Amino acid sequence: MQRKISSRLWISFILIGLSGQLAWSIENMYLNVFLYNTIIPDTSYIALMVSLSAITATLTTFLMGIVSDKIGKRKALISFGYILWGLSTAAFGIVSNSVFKTAVHAASAVVALDCLMTFFGSTANDAAFNAYVTDQSDETNRGKIEGVLSSLSLISMLIIFGLFDGLTQRGEWKKFFAIFGLINIFTGLISLFLLKEDKKAIKKENDVLKSLISLLSINEIKANKIRYLDLINLLFISTSFQVFLPYLIIYIQEYLHFYDYALMLDTVLTGASIISIVVGRIADKKGKSITALYSITAMFIGLVLMFIFRLYISCTIAALLVMAGYLSAFSTINANLRDTTPNNLTGAFQGIRMIFSVALPMIIGPMIGNNVIKNSGRTYTELGVIKDVPTPMIFLSAALILIPLSVLIIIRLKEEKKC
């Protein structure tokens, strides 16, 4: 029987999840555009920033996940982490070439500030909030919860594109970063009163680090094959997404020449969010793994179509397939992993999850995408500066990664039948 989730808990999940996704959307997409358009037009710096941010996020989640397991104070880490996250997000507004001697110095400052922002964000969201969600849910409702939480990433993009994209188009970056910094500060403050207290049943390990290391032993992996298969599945789906995501807006602007892309993105993000929520409910009833397999197929078809299509309407349809497929696949795979997360190391295990869902994908994916872009030789010159242009090959490269992922999902389905 499916356990009912209280209204207060749903409001907490949605408010904190949405605020966090707004900040991550700024970092994952608009910060790249900010760096490219206003600081230095070289996609190598985007790949470097994404990679360092991923490493920072993973190390932070390991450290603060261990802290949250030892002290059991996930609520405090969420609240105060969000406040500091908001302050560091707003700080991007003061970085410009006029403040630094060279564009390289300014770009370095953006990369460093991104790592600082990521530390606070990963503490609050990746380590504490993710563990909190696992604490407050169970196997009967995690598909539904993941469907909603995953949809928030696209809803956040929808909000940004629909209401605030004009600020970036006009170059009002200071106001843009200030608005989203304030949103996170507000969320941190209100969560102090809204969040339920941490569960008293959280088991506090005396030696969390030792216990965490034991999770990576050969015997542990053999005894929990499905758990580690879920981690590898997260690696593949996230890497595929990161091959094209950092360069998506630049591709739309500079290759397709769709400068009025707000309607396209609004349609894609709205449709994909609705589909993800529906799929999350289906996954709890029909099975998470089989749902993931169908979702991966939809994403693969969408990526191939993105490689082929050039017209506004056809690209919108293809992009909807990509986003809906990705979101549904990621949420169902992540829900599977929550089910196999060790109860006594919920916080610390988020660090391991981050290696496979964020660190490795955000290092490997953007590098694949950047190499594809560089090898295409597609550039243009603006005010004497040569700029790289992403090409459709980034979508075909992303699609190829989904082939082994489909095989792994089929293997998991067979393992499930043995249990």
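**View 1. Helices H9 and H13 cross in a left-handed manner in this predicted model.** A crossing counts as left-handed if the near helix is turned anticlockwise from the far one by less than a right angle, and as right-handed if clockwise. H9 covers residues 225-244 and H13 residues 312-340; helices here are DSSP runs (H or I, at least four residues), numbered from the N terminus. Their axes lie 9 Å apart at an angle of about 155°, where axes are lines fitted to C-alpha atoms over the stretch in contact and angles run from 0 to 180 degrees between N-to-C directions. The two helices are therefore roughly antiparallel, a label for angles over 145 degrees, while under 35 is roughly parallel, 65 to 115 roughly perpendicular and the rest oblique.

**View 2. Here are the residues where H9 meets H13.** On the H9 side look for Ile226, Arg227, Asp230 and Phe244, among others; on the H13 side, the partners include Val322, Tyr326, Phe330 and Thr340. Contact means heavy atoms within 4.5 Å. By class, the contact of H9 with H13 has 13 nonpolar, 5 polar and 2 charged residues (nonpolar: Ala, Val, Leu, Ile, Met, Phe, Trp, Tyr, Cys and Pro; charged: Asp, Glu, Lys and Arg; polar: the others, Gly among them).

**View 3. H14 passes H15 in a right-handed crossing.** The axes of H14 (residues 346-376) and H15 (residues 393-418) come within 9 Å and cross at roughly 140°, which makes H14 oblique to H15. Ile368, Gly369, Val372 and Ile373 of H14 touch Met393, Ile394, Ser397 and Ile401 of H15. That contact has 6 nonpolar, 2 polar and no charged residues.

**View 4. H14 on its own has a kink centred on Met354.** The kink is about 45°, taken as the angle between axes fitted to the seven residues ending there and the seven starting there.

**View 5. H1 and H2 make a right-handed crossing.** The axes of H1 (residues 7-39) and H2 (residues 43-71) come within 10 Å and cross at roughly 145°. Glu27, Leu31 and Tyr36 are among the H1 residues in contact, with Thr43, Tyr45 and Ser53 among those of H2.

**Notes for all views.** Residues are numbered from 1 along each chain as its sequence is written, and side-chain values use heavy atoms, leaving out hydrogens and water. In this predicted model, local features need pLDDT of at least 70 and side-chain atom pairs count only at pLDDT 80 or more, whereas totals for chains, interfaces and linings use all residues.
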